[in-house]
Amino acid sequence: MYLNPDTSNSVKILVVGHFGVGKTTLISSISEIEPLQTEEEITEASEGFDDLSGTPNKTTTTVAMDFGRLTLSDTLVLYLFGTPGQERFKEMWEALSRGALGALVLVDPTRLHDSFPILDLVERFGLTYTIGVNHFEGTTEYPLDEVREALNLAEDTPIVHCDVRDQTSSAQSLITLVQHLMSILG
């Protein structure tokens, strides 16, 4: 990716992660426009498909995508696409990943096992990524080196703590991804 300082660059970024990790919340906290959300009530139809044990108070779920926009500078605008986290909606990934430059992978350190299918998809679609370890209220904030080891991440994969409810924290997670993209793509 070459960023021309004389023109504006638009970059498509995916915000991905397993069910209930905070993708919709991150896009809502950071988007400078009213975010597009395809949230629907969780119904009995999801029983046996969606594991609500890690998110007992969750009442809605993304069924297509979330969309938001964030201007980082006069020359760089991020278009944020949040993917659905459930296995049954993974067919959306192919369409959403087309044209994406990278992905912010959100993980919940108490449900890391749910992150492996997401990491597989990110790698399958050839997306450069960084990891945002979402800190949920009332939970332990695990050391990043322990999360890196548990996820078997390469040493050069950036990993940061984030609180998706906080605009500054969400922005820093996305800035980390953009810096990583720029270091790889030049």
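**Exercise 1. Find the polar contact that joins the side chains of Asp 66 and Thr 24, and give its length.**

Solution. The side chains of Asp 66 and Thr 24 are joined by a polar contact of 2.5 Å. The term covers a pair of N or O atoms within 3.5 Å; within protein, one must be able to donate a hydrogen and the other to accept it, and residues adjacent in sequence count only if both atoms are side-chain atoms. This is a predicted model: local features need pLDDT of at least 70, side-chain atom pairs count only at pLDDT 80 or more, and totals for chains, interfaces and linings use all residues. Residues are numbered from 1 along each chain as its sequence is written, and side-chain values use heavy atoms, with hydrogens and water left out.

Asp 66 belongs to strand S3 (residues 60–73). Strands (E, at least two residues) and helices (H or I, at least four) are DSSP runs, numbered from the N terminus.

Last, check its charge. Asp 66 is buried but has no salt bridge. The nearest side chain of opposite charge is Lys 23, 7.0 Å away. Lys and Arg count as positive, Asp and Glu as negative; His and the chain ends are not counted. A salt bridge needs a side-chain nitrogen of Lys or Arg within 4 Å of a carboxyl oxygen of Asp or Glu. Buried means under 20% relative accessible area, exposed over 50%, partly exposed in between (1.4 Å probe, protein chains only).

**Exercise 2. Describe the setting of strand S4 (residues 76–82).**

Solution. Start with burial. Six of the seven residues of S4 are buried, so the rest of the structure largely encloses this strand. Then find its partner. S4 pairs with strand S1 (residues 9–17) in the parallel sense, over seven bridges. Pairing requires at least two DSSP bridges between the strands. Within S4, Tyr 79 is the bridge partner of Lys 12.
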